[in-house]
Amino acid sequence: MRLSICWSLAFCALFSAPLWAQPALPDAATVSQPEGWADDLALAIPEDLNPDPNILEINLEAVIREMEIVPGTLTPVWTYNGSLPGPLIRAKVGDRVIVHFKNSLPEDTSVHWHGLRVPNDQDGVPGFTMDPVRPGEVFTYDFVLPDAGTFWYHPHVNSAAQVGWGLYGPLIVDDPNEPDFGDEQVLVFSDMGVDEQGQFRPMDSGGSAGFLFGREGEVLLVNGKVKPTLLVRQGKPQRWRIINATRSRYYTLRYKRAPLVKIGGDGGLAARSETRDEFKLVPSERLDLIFTPPDEPGSEGFLRWYPTNRGYGTTYYRVPEDIMRIVTVDAEPVQAAPVPEELIPYEPLDLSNAIEREINLTIAFDKDGKVVMGINGIPHERAIPIEAKVGTTEIWTINNDTDFSHPFHMHGFFFQVLDEGWIPQWKDSVDVPFKTSLRLAVHFDDRPGMWMYHCHILDHAEVGMMGHLHVMP
Ligand code: C2O
Ligand code: CU
């Protein structure tokens, strides 16, 4: 007993003394980020062709460009405007966006605005909301941005392949009334399945197993680069808006064991901030983080990908991978005020008249042994649309009794997850882990039409895990 008291006293004296003695650090607000801190992560900015400050009008061309993904080789990357990822489309809530889209690819494509609550005819789903944009053709998108948040865009034709080949780009909607979290950087995470010669692996590599697991590319990219460098200063916070633009890859994200503060995700800020030393990010989901660099001046480390157990065999033989190099510059550390816990007020949806539905995510095999996925056992080619009415609220229970996790995504409408433990926030993409269920609430505002909902492991959507939602006037 006596010994342990002595020991703990000694322990205290040893480790807390420096804390008392520590002089206060300069306020983080008085210093800026290191010079050129995010130069390596720069995104292309499209030229605004319209002088009206409330209209962003741009040209967007889908075109193949050779790029060095594997050192010493060239990969024929499918790009928007020749850049990987596509250009950063950024405007404020209420702005009108006009996109003159041109398809210079050898096959049909389209642009889907992931997460944006646009009118149905702007949603970019050929066969349902528009005709495909054929090679050489143009299509003009024209819509107003209703909500702040971190969004992205990608094709909705042959998506597993086209997204896998590089067609994705970030879209940020700012709300001038939101609190300012300081310097920010948009980070588009993606991966590419290429061989040593830099050639894309065949889209059906691995056959049914490839579809079942979802194909992950072996080259991990951040803003189109392998292990790009970010410069930071100890104690000076940065806001990272992260987009998972991979076709199948889950991220468990860590920087050593440093605390990361999540302030929001898909549909803008959450009601409250949340601090953890790792966050999961599923395909098509977004993560809005405050990172406060913890390391000594002059040191470096890596933001890392850790394997996520998303079902049968998905973590076997998998090791962590470095994805972004973080260099803490040799400058005096600073100290910032903590991120507030309360962020924005949240109105929960009124569920008093909500209609309940069950959605079962299903996996089966046909008589030739080929994998067929579906909703309630029906693949999307044969889907019978769910019929809902404008102005109503529904509660969907998403049941996943399969052996794999599925990132569930709904087009056109935000939802709130009702399960316990969820901080209120608007989402359009959410993980439904294997052998679990999740409940979400969605309100159908006045944008009738045929909308998709699907698993955003694009290989799964490809083999049928996609349903149709007919919102009727
Ligand atoms: Cu990212 Cu059907 O969408
Ligand atoms: Cu899936």
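**Close-up views of a predicted model**

**View 1. Lys 227 in its loop.** Lys 227 is partly exposed, its relative accessible area being 42%, and the model in which this value was computed is a predicted one. The residue is found in the loop that runs between strand S10 (219-222) and strand S11 (229-232). Although Lys 227 is not a glycine, its phi is positive, at about 45°.

**View 2. Lys 256 in its loop.** Lys 256 lies in the loop between strand S13 (251-255) and strand S14 (260-265). Phi of Lys 256 is near 50°, which is a positive value in a residue other than glycine. With a relative accessible area of 40%, Lys 256 is partly exposed; the class applies because the value falls between the 20% limit for buried and the 50% limit for exposed residues.

**View 3. The cis peptide bond between Leu 84 and Pro 85.** Leu 84 and Pro 85 are joined by a cis peptide bond, for which omega is about -10°. Pro 85 belongs to the loop between strand S2 (75-80) and strand S3 (89-92).

**View 4. The largest pocket.** The volume of the largest pocket is about 580 Å³, and 27 residues line this pocket. Which of these residues lie nearest the centre of the largest pocket? They are Gly 235, Pro 237, Thr 292, Ala 336 and Ala 337. Divided by class, the lining of the largest pocket consists of 17 nonpolar, six polar and four charged residues.

**View 5. The second largest pocket.** The second largest pocket has a volume of about 460 Å³, and of the 20 residues that line it, Lys 262, Arg 276, Phe 279, Lys 280 and Trp 422 are the closest to its centre. Two or more lining residues are given by each of strand S15 (268-276), strand S16 (279-281) and strand S17 (286-291), and the largest share, three residues, comes from S16. The lining of the second largest pocket draws at least three residues from each of domain 2 (184-328) and domain 3 (355-472). By class, this lining holds seven nonpolar, three polar and ten charged residues.

**View 6. The largest cavity.** Rolling a probe the size of a water molecule over the atoms shows where empty space is left. A search of the whole structure finds one cavity of 30 Å³ or more, and about 40 Å³ of space lies in the largest cavity. The residues that line the largest cavity are Glu 216, Tyr 250, Trp 305, Pro 307, Thr 308, Arg 310, Thr 314 and Arg 318. Three of the lining residues are nonpolar, two are polar and three are charged.

**View 7. Arginines over aromatic rings.** Trp 305, one of the residues that line the largest cavity, has Arg 249 lying over its face, at 4.9 Å from the ring centre. In another such arrangement, Arg 215 lies over the face of Phe 211, at 4.1 Å from the ring centre.

**View 8. The aromatic pairs of Phe 408.** A search of the whole structure finds 22 aromatic pairs. The rings of Trp 396 and Phe 408 have centres 6.3 Å apart and planes at 70°, so this pair is edge-to-face, the angle being over the limit of 60 degrees. Because Trp 396 lies in strand S23 (residues 393-400) and Phe 408 in strand S24 (residues 406-410), the pair ties together parts that are twelve residues apart in sequence. What arrangement do the rings of Phe 408 and Phe 415 adopt? Their centres are 6.5 Å apart and their planes stand at 50°, so the pair is tilted. Trp 396 is buried, with a relative accessible area of 0%; Phe 408 counts as buried at 1% relative accessibility; and Phe 415 is buried, with a relative accessible area of 0%.

**View 9. An aromatic cluster.** One aromatic cluster is formed by Tyr 80, Phe 101, Trp 113, Phe 139, Tyr 141, Phe 143 and Tyr 153.

**View 10. Arg 65 and Glu 218.** Arg 65 lies in strand S1 (residues 55-67) and is partly exposed, with a relative accessible area of 39%. In sequence Arg 65 and Glu 218 are 153 residues apart, and in space they are 20 Å apart, C-alpha to C-alpha.

Key: Residues are numbered from 1 along each chain as its sequence is written. Chains are lettered from A and ligands numbered from 1 in the order in which they are written. This is a predicted model: local features need pLDDT of at least 70, side-chain atom pairs count only at pLDDT 80 or more; totals for chains, interfaces and linings use all residues. Side-chain values use heavy atoms; hydrogens and water are left out. On a 1 Å grid over the protein atoms alone, a cavity is a set of points where a 1.4 Å probe fits but cannot get out, and a pocket is an open set with protein on both sides within 12 Å along at least five of seven lines; lining residues have an atom within 4 Å of a point. Grid points are joined across faces, edges and corners, and a volume is the space filled by probe spheres set on the points. Ala, Val, Leu, Ile, Met, Phe, Trp, Tyr, Cys and Pro count as nonpolar, Asp, Glu, Lys and Arg as charged, and the others, Gly among them, as polar. Helices (H or I, at least four residues) and strands (E, at least two) are DSSP runs, numbered from the N terminus. Domain bounds come from an automatic or database domain assignment. Rings of Phe, Tyr and Trp (its six-membered ring) pair if their centres lie within 6.5 Å; planes under 30 degrees apart count as stacked, over 60 as edge-to-face and the rest as tilted. Buried means under 20% relative accessible area, exposed over 50%, partly exposed in between (1.4 Å probe, protein chains only). A charge sits over a ring if NZ of Lys or CZ of Arg is within 6 Å of the ring centre and within 35 degrees of the ring normal.
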